[in-house]
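This report looks at how charged side chains pair with one another. Please consider the structure first, and then the pairs described below it.

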Amino acid sequence: MGATVISPTYLSAYLLLLCLVCSLKEGYAMGRRATVAESHHLEHSHTIQVSSLLPSSICSPATKVLECVCDAWFPLSVLDNKSSLQVVHKHGPCSQLYHHDKANIPTHAEILLQDVARVKSIHSKLAKSLGSTKVDQTDAANIPAKDGSVVGSGNYVVTVGLGTPKKDLTLIFDTGSDITWTQCQPCVGTCYKQQDPVFSPSLSSTYSNISCRSTTCNSLASATGNTPGCSSSACVYGIQYGDSSFSVGIFAKEKLTLTSTDVFDDFLFGCGQNNQGLFGGAAGLIGLGRDKLSLPSQTASKYKKYFSYCLPSSASSTGFLSFGYGGVSKFVKFTTLTTLSQGASFYGIDIVGISVGGKKLPISASVFTAGGAIIDSGTVITRLPPTAYTALSSEFRKLMSRYPKAQPISILDTCYDFTKFSSVSVPKISIFFSGGVEVPIAAKGILYVNTISQVCLAFAGNTDDTEVGIFGNTQQKTLQVVYDGVGGKLGLATGGCT
């Protein structure tokens with residue numbers, strides 16, 4: 001008679017029950033030992049091992065895990081959705097770009113400098129649309145480019161296929177951009193160094209140019225902010241980013257392969273023949289904005305403008321970018337997506353409050369509505385109205401008074417020296433959105449680490465309260481961020497990557 005085999009379902013349920021019993025026992029024991037004050041402190045703060053703040057040179061791909069306090073771990077697949085791409089930080093060990101050009105990995109000061117340029121560019125675009133002269137539009141693009149170094153259009157990359165036969169390309173994905181483009185042969189002007197072979201349209205059987213006399217060509221104006229040109233009847237696009245990077249080339253259509261089952265014919269993209277700047281070895285960019293030329297709009301017949309991503313907790317881990325309804329956490333809470341009249345391609349959001357250490361800050365709602373806000377995958381540091389930032393940093397400093405202060409770095413002015421500590425206690429921060437949605441920021445999303453002797457609060461203030469706020473990618477780390485373009489909703493859930 002053969003041995004009895006326990007069903008996986010029964011085994012999982014039994015192990016969960018054991019873990020629950022262990023957790024309750026441990027929680028009870030801790031509760032007896034902890035005072036009321038200690039319990040409050042533990043509830044409203046993160047305990048962080050200082051060594052975990054240091055960068056790792058080893059890639060540790062994310063897995064969904066069930067952690068049991070009885071010392072058992074049960075890994076599950078993180079990419080449950082078939083229409084998913086792996087997301088990596090372009091300067092981390094999980095990225096081929098990192099191994100391609102280690103010598104040009106930017107310093108944190110350079111990253112923050114480029115972040116300033118990106119935010120100035122966004123503010124300039126919005127102010128220009130309003131007919132305002134408040135923002136110096138020349139200053140927004142006045143940062144010198146450093147080839148193959150800091151990217152001003154995003155930090156996270158995915159790999160997709162283009163052409164027939166398919167050629168894999170590593171592209172930055174950016175919710176603040178609309179047009180998708182890659183460098184192409186021949187490079188009529190200049191091409192920066194990239195890790196993948198440069199795409200050659202002459203070797204693809206499914207490539208074709210867009211006519212400059214077509215309505216499709218004319219639609220470039222809203223996606224790029226520039227009037228398209230014409231070269232031998234072919235449509236010419238041009239786009240410039242806030243850090244002086246640019247791409248100019250032929251607007252074309254081609255077969256796009258996202259996954260083995262998700263293939264799109266006649267995908268409109270820019271075939272860049274003159275490209276310069278700050279793309280960190282990536283082959284180009286995927287535009288995930290709201291314009292009709294963005295990837296969500298072009299694939300709407302299949303995905304209904306529905307996509308989600310999770311940005312990894314560190315550069316040495318991985319996240320995902322998924323299209324369609326599959327793989328969305330049941331714990332997602334939705335807030336309303338708004339549309340900025342002066343920047344319709346941006347994803348507008350309504351921030352209504354902030355809490356620090358469990359305390360809701362006394363900030364008037366009018367402070368947040370004065371300039372409005374957007375969510376942006378390419379901005380590194382969240383920008384708040386200065387009135388809100390002052391309240392946040394003041395409360396944060398009060399709760400961090402036990403730690404020695406450090407010098408500011410760039411736009412980050414609330415910094416600490418952790419060299420004499422093995423672990424630190426950092427107050428929890430939550431952002432509140434319209435619809436009663438509270439989003440706790442992960443511990444790795446609260447701090448920006450230059451060195452252990454210079455660890456800073458990862459938020460900054462705008463120049464004044466009327467400038468648009470930006471929910472940046474540092475604060476989005478480990479969240480599952482869900483974009484429902486048709487439903488006009490933004491979903492957020494904690495623990496999205498793990």
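The side chains of Asp265 and Lys255 meet in a salt bridge, with 3.9 Å from N to O, where a salt bridge is a side-chain nitrogen of Lys or Arg within 4 Å of a carboxyl oxygen of Asp or Glu. Asp265 lies in strand E12 (residues 262-276) and Lys255 in strand E11 (residues 246-259), so the pair ties together parts that are 10 residues apart in sequence; strands (E, at least two residues) and helices (H or I, at least four) are DSSP runs, numbered from the N terminus.

Asp265 counts as exposed at 55% relative accessibility, whereas Lys255, at 24%, counts as partly exposed. Buried means under 20% relative accessible area, exposed over 50%, and partly exposed in between (1.4 Å probe, protein chains only).

## Basis of the model

This is a predicted model, in which local features need pLDDT of at least 70 and side-chain atom pairs count only at pLDDT 80 or more, while totals for chains, interfaces and linings use all residues. Residues are numbered from 1 along each chain as its sequence is written, and side-chain values use heavy atoms, with hydrogens and water left out.

## Pairs involving helix H10

Glu395 and Lys398 form a salt bridge (3.4 Å, N to O), and, being three residues apart in helix H10 (residues 386-399), they are separated by about one helical turn. Glu395 counts as buried, at 10% relative accessibility.

Asp413 and Arg397 also meet in a salt bridge (3.6 Å, N to O). Asp413 is partly exposed at 35%, and Arg397 is partly exposed at 32%.

## Network and count

Arg118, Asp174 and Asp376 are linked in a network of salt bridges. The count comes to eight salt bridges.
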